[in-house]
Amino acid sequence: MWPMIPKGIYCFNYHRIGDENASIFDPNVFSCTAKQFEQHVQFYNKNFIVISIEQLIDKIERNLPIDNKYALITFDDGYIDNYDIAYPILKKYQTPAAFYVATNYLDTPHIPWWDEIAWIIRHTNNTQIKFENWSETVDISSGSITEKVRNILRVIKQDKERTMVDKITELSKICQCEMPDELRKTPLFISWKQAKEMSDNGMHIGSHTMSHTILSHLPPQEQLKEISQSKAIIEQHLSKEVTSIAYPVGGHSAFTETTRQLAQQANYKVAFSFVPGIITSFNSQERFQLKRLPVDGNCKVSQLKNIIVKNT
Ligand SMILES: [Zn+2]
C-alpha cells in the first residue's frame, strides 16, 4: 500500500524525545528516541514536502489547493529535550517545526499534572484507585507503568467536577503518597531564552495556553484569558506575532465550539486539536481544529507508516 497515500497535510505531533525508561515521570509523553526522531525527519524529507506553519497559513489565506503530500512537524508542551535533542536534528536537516508552549512552564520550575500523577502512581502501594465521584475503579495491580499511568490519566481527564489541583490532592491522599517538594525544582521545560533562539532560527513557537488546563473545563471568560494572554506573553518574549495555538490535551472533549470561536476572536490564524487524521480542507471550522497524527510509544519509521496508513 505504501507509499500510495492521498494528497493532504500530514501534521505529526510529538511530545518528548528521549529514553522513557530514564524518566521518573510520565512515560507516555515520550514519542521516540533521538535516533528514531532523526530517522523520522529523514523519512519526512524523502516522502513529503515539509512545510512550516507560516507556509500552512499562506496556503489557507491564498486559498491554494492541497495538491501534494505535505508534512508538518509539531511538538506540544515545550519539554527541555525539544531544545536539547529535537532542535539540533531539525537544524541539521534544515527542517522547520512548531513548538507549542504553556507559558507558565517557562523559566519557572514546574511539574505538570500528568507527570506528578505518574510519579504518584509509580510510588503508591495501592492496587486500585477510585475517587468518591467516579463510577469506575482503576485497577493498577498489573501491567506496565506506561499502561497504569495511561489508565489513571484517562479517568482523571474525564472528571470535570473539580480542578486538577484538587484531583492531585485527592489522588495523593488515596495513594498515601505525595511527591516531594524538592522534585518540583526539576527543570523540565525550555526557557524563554531557548524559545527565542529556536524562533530566531526558523522554528515556530505557538501557544499551548498559560496553564495547560483543559479548555472545555473552563467557563468562556477563563478560556479566553488562557488563549489570549498566552499569545501576548509569547509575543512579548519573542518579538514576533503568534499565529497558532494547540489546545491542551486536544481530543474531541478537550475543546468546544466556543473554544474555536475564542481562538479566532483572539486573532490566531489556525488552531490544532489532537483529533487524529490528515488535513484535507481548510473550511472555517476545520481551520480552528486541525487534525494531527500522534507519534508515541518509541515509534519506529515502520510504525509511523502504519499511523499514516491507518489515518488515511
Ligand atoms: Zn500538552
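This is a predicted model: local features need pLDDT of at least 70, side-chain atom pairs count only at pLDDT 80 or more; totals for chains, interfaces and linings use all residues.
**The chain as a whole**

The secondary structure of the chain consists of 10 helices and 12 strands. Its radius of gyration is 19 Å, close to the 20 Å that the globule rule gives for 312 residues, so the chain is as compact as a globular protein of that length. Taken along the principal axes, the box filled by the C-alpha atoms is roughly 55 × 45 × 35 Å.

Of the 312 residues in the chain, 53% are buried. The accessible surface comes to about 14100 Å², and carbon and sulfur atoms account for 47% of that surface. Among contacts between residues at least 6 apart in sequence, 72% join residues at least 24 apart. The chain carries 34 positive and 35 negative side chains, and the centres of these two sets lie 7 Å apart.

**Strand E1 and its partners**

Strand E1 covers residues 8–14. Seven of the seven residues of E1 are buried, so this strand is largely enclosed by the rest of the structure. In a regular strand, side chains alternate between the two faces of the sheet. Both faces of E1 are covered: Gly8, Tyr10, Phe12 and Tyr14 are buried on one side, and Ile9, Cys11 and Asn13 are buried on the other.

E1 pairs in the parallel sense with strand E5 (residues 69–77) over seven bridges. Within that pairing, Tyr70 in E5 is the bridge partner of Ile9. E1 is also joined to strand E12 (residues 290–294), again in parallel, by two bridges. Here Asn13 stands opposite Pro294 in E12. Strand E12 in turn runs parallel to E11, to which two bridges join it; Arg292 in E12 is the bridge partner of Pro276.

**Strands E6 and E9**

Strand E9 (residues 204–207) is likewise covered on both faces, with His204 and Gly206 buried on one side and Ile205 and Ser207 buried on the other. Strand E6 (residues 98–101) pairs with E9 in the parallel sense over four bridges. Tyr100 stands opposite Gly206 in E9.

| Strands | Sense | Bridges |
|---|---|---|
| E1 and E5 | parallel | seven bridges |
| E6 and E9 | parallel | four bridges |
| E1 and E12 | parallel | two bridges |
| E11 and E12 | parallel | two bridges |

**Two residues in their surroundings**

Ser273 lies in strand E11 (residues 270–276). Its relative accessibility is 0%, and because buried means under 20%, Ser273 counts as buried. Apart from neighbours within four places in sequence, Ser273 is in contact with Tyr247, Gly250, Phe255, Gln289, Leu290, Lys291 and Arg292. One of these contacts, Arg292, is the residue of E12 that forms a bridge with Pro276.

Ile174 belongs to helix H6 (residues 164–175). With a relative accessibility of 24%, Ile174 counts as partly exposed, since that class lies between the buried limit of 20% and the exposed limit of 50%. Leaving out residues up to four places away in sequence, Ile174 touches Asn126, Lys130 and Phe131. Ile174 and Thr124 are 50 residues apart in sequence, while their C-alpha atoms are 9.2 Å apart in space.

Key. Residues are numbered from 1 along each chain as its sequence is written. Side-chain values use heavy atoms; hydrogens and water are left out. The radius of gyration is taken over C-alpha atoms; the globule rule is 2.2 Å times the number of residues to the power 0.38. Buried means under 20% relative accessible area, exposed over 50%, partly exposed in between (1.4 Å probe, protein chains only). Contact means heavy atoms within 4.5 Å. Accessible areas come from the Shrake-Rupley method with a 1.4 Å probe; for residues, only the protein chains shown count as cover. Lys and Arg count as positive and Asp and Glu as negative; His and the chain ends are not counted. The place of a charge is taken as NZ of Lys, CZ of Arg, CG of Asp or CD of Glu. Two strands pair if DSSP finds at least two bridges between them.
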